[in-house]
Amino acid sequence: MNNTADVVVIGAGVIGCSVAYEFARAGRSVIVVDRASGAGQGSTGASSAVVRFNYSTFTGVAAAWESRQAWEAWEEHLGGTDEGSLAKFHRTGGIVLDVEGMDIQGSCRLFDDVGVPYERWTATDIRHRFPSIDPARYFPPKPVDSEEFWDAADGEIGATWTPDAGFIDDASFAAHNLLAAAQRHGADFRFGQTVVAIDTEQGRVTGIRTSKGDSISCDVLINVAGPHSAVINELAGVLDDFRIRTRPLRQEVHELPGDGNEYPLVADLDLGIYFRRTPAGNLLVGGAEPECDPLEWLGDPDDFNPRATRDGYEAQAYRAARRVPELNIPSAVRGIAGVYDVSSDWVPIYDRTNLDGYYVAIGTSGNQFKNAPVVGGFLRSIVETTEAGVDHDQTPAHHLLPRTGITVNLGDYSRLREPSTTAGNVMG
């Protein structure tokens, strides 16, 4: 077994597999280490796998729009299939319902700048296009066990429609697709191994040691460990200059039976949820971290309840039923719980660190699944720029998005940035 590589990647979620693929197809020797038994079995598997474009920054919108083009041409992006099959992008369109305090004009300007098609809809337009969706206004979101939750609506709201939004039908399989593509270029994936130490010499990373006793030497080490990313950063001793930190957050997503109607992706900050249909016609409902709901931050990413709870189910299901009055809510809880790796401003950190050769792609959970096709390229640009002697902290790397022709400033993902002005939730 070869225990030397140009690049070692810690983590085989959808982002880690994208990073591995990008470096492997560039001709670098790559070893990926993951504590799970296969690709995409951590926070990736708990992702709703939505593809949308409404972010708070130009770079965020551009990355999502570029990624959408890659998802639609997934086989071309990967250079082949995964034993004859691939995860599939479902184009449903998406609406972001208006909410108090939302910078609608700013969002539309970003769409104009990037080239994302969109329409502004009134409540009447929403009813005409999707009669089963009630455009009533309930803001602010309220606890479902409060009397105020059942108050009548106090008006109506419009929305922004993006016809090219949708979802990927199998998040974990998408990660495996990237694994298969990386393996075609020689990447070596090692599962069931936990990183227990990071070796350094004279201020530079030299390798890792794993729970199986392996010592793997490398020139470049990239932390893509999802909810365990903070643990890895502590092993590396690199957190002193991070202005943005990450924490593990337990989240739930629930599935409700469909009512025979077609639904787009709906981002509903008015009620504090989002939902999309499934390939089988059901509805997948997740929370958007409304202020009235306590967040379940974890001290230990391995110490959490893996089952969906009744409280979480009722909170999301009842909110969905206010937006879709015909929705049936079964008594049995059906959903999944997972752990996300969340940054303090919900924007990921794609960056170098103060340990030479050690890089991070962290804080990605909740809203970066859709950007997996481009994140590998982001890291490659940051690594290659830095390893060539350019100080990425002072002169940030830029990256050309090949399908849209847009160049983005990767300094927007810096660990040294001031906390971004974002939605402050999964919407980014």
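Both faces of strand S2 (30-34) are covered, with Val30, Val32 and Asp34 buried on one side and Ile31 and Val33 buried on the other. Because five of the five residues of S2 are buried, the strand is largely enclosed by the rest of the structure. The model is a predicted one, in which local features require pLDDT of at least 70 and side-chain atom pairs count only at pLDDT 80 or more, whereas totals for chains, interfaces and linings use all residues. Residues are numbered from 1 along each chain as its sequence is written, and side-chain values use heavy atoms, with hydrogens and water left out. Helices (H or I, at least four residues) and strands (E, at least two) are DSSP runs numbered from the N terminus.

Strand S2 pairs in the parallel sense with strand S1 (residues 4-10) over four bridges, and Val7 is placed opposite Val30 of S2. Two strands are taken to pair if DSSP finds at least two bridges between them. In general, strands of a sheet pair through backbone hydrogen bonds, either parallel or antiparallel.

The loop between S2 and strand S3 (50-51) contains Thr44, which counts as buried at 8% relative accessibility. With residues up to four places away in sequence not counted, Thr44 touches Gly13, Val14, Ala171, Ser172, Ala175 and Phe369, contact being defined by heavy atoms within 4.5 Å. Ala49 is found in the loop between S2 and S3 as well. Its phi is near 60 degrees, a positive value in a residue other than glycine, and Ala49 is buried, with a relative accessible area of 2%. A positive phi, near 55 degrees, is also found for Glu289, again a residue other than glycine. Glu289 lies in the loop between strand S16 (283-287) and strand S17 (296-297) and counts as buried at 11% relative accessibility.

An open sheet is formed by three strands in the order S3-S8-S4, with antiparallel pairing. S3 and strand S4 (89-91) stand at the edges with a single partner strand each, so one side of each has no neighbour in the sheet. Helix H2 packs on this sheet and touches S3, S4 and S8, and its direction makes about 110 degrees with that of S4. S3 and strand S8 (residues 166-168) run antiparallel and are joined by two bridges; the bridge partner of Val50 in S8 is Phe167.

Helix H2 (residues 58-72) also packs against helix H9 (residues 372-387), at an angle of about 115 degrees and with the axes 7 Å apart. Axes are lines fitted to C-alpha atoms, for helices over the stretch in contact, and angles run from 0 to 180 degrees between N-to-C directions. On the H2 side the contact involves Ala63, Glu66, Ser67, Ala70 and Trp71, which meet Ala372, Pro373, Val374 and Phe378 of H9. The residues of this contact divide into seven nonpolar, one polar and one charged, where Ala, Val, Leu, Ile, Met, Phe, Trp, Tyr, Cys and Pro count as nonpolar, Asp, Glu, Lys and Arg as charged, and the others, Gly among them, as polar.

Phe58 is found in H2 and counts as partly exposed at 30% relative accessibility. Apart from neighbours within four places in sequence, Phe58 is in contact with Leu110, Asp113, Val114, Ile406, Thr407 and Val408. The C-alpha atoms of Phe58 and Phe139, 81 residues apart along the chain, are separated by 27 Å. The peptide bond from Phe139 to Pro140 is cis, with omega near 0 degrees, and Pro140 lies in the loop between helix H5 (123-129) and S7.

Three cavities of 30 Å³ or more are found in a search of the whole structure. A cavity is a set of points, on a 1 Å grid over the protein atoms alone, where a 1.4 Å probe fits but cannot get out, and lining residues have an atom within 4 Å of a point. Grid points are joined across faces, edges and corners, and a volume is the space filled by probe spheres set on the points. The second largest cavity has a volume of about 80 Å³, and its lining residues include Arg52, Phe53, Phe111, Thr162 and Ala165. The largest share of this lining, three residues, comes from S5. Thr162, in strand S7 (residues 159-162), is buried, with a relative accessible area of 8%.

Notes. Buried means under 20% relative accessible area, exposed over 50%, partly exposed in between (1.4 Å probe, protein chains only). On a 1 Å grid over the protein atoms alone, a cavity is a set of points where a 1.4 Å probe fits but cannot get out, and a pocket is an open set with protein on both sides within 12 Å along at least five of seven lines; lining residues have an atom within 4 Å of a point.
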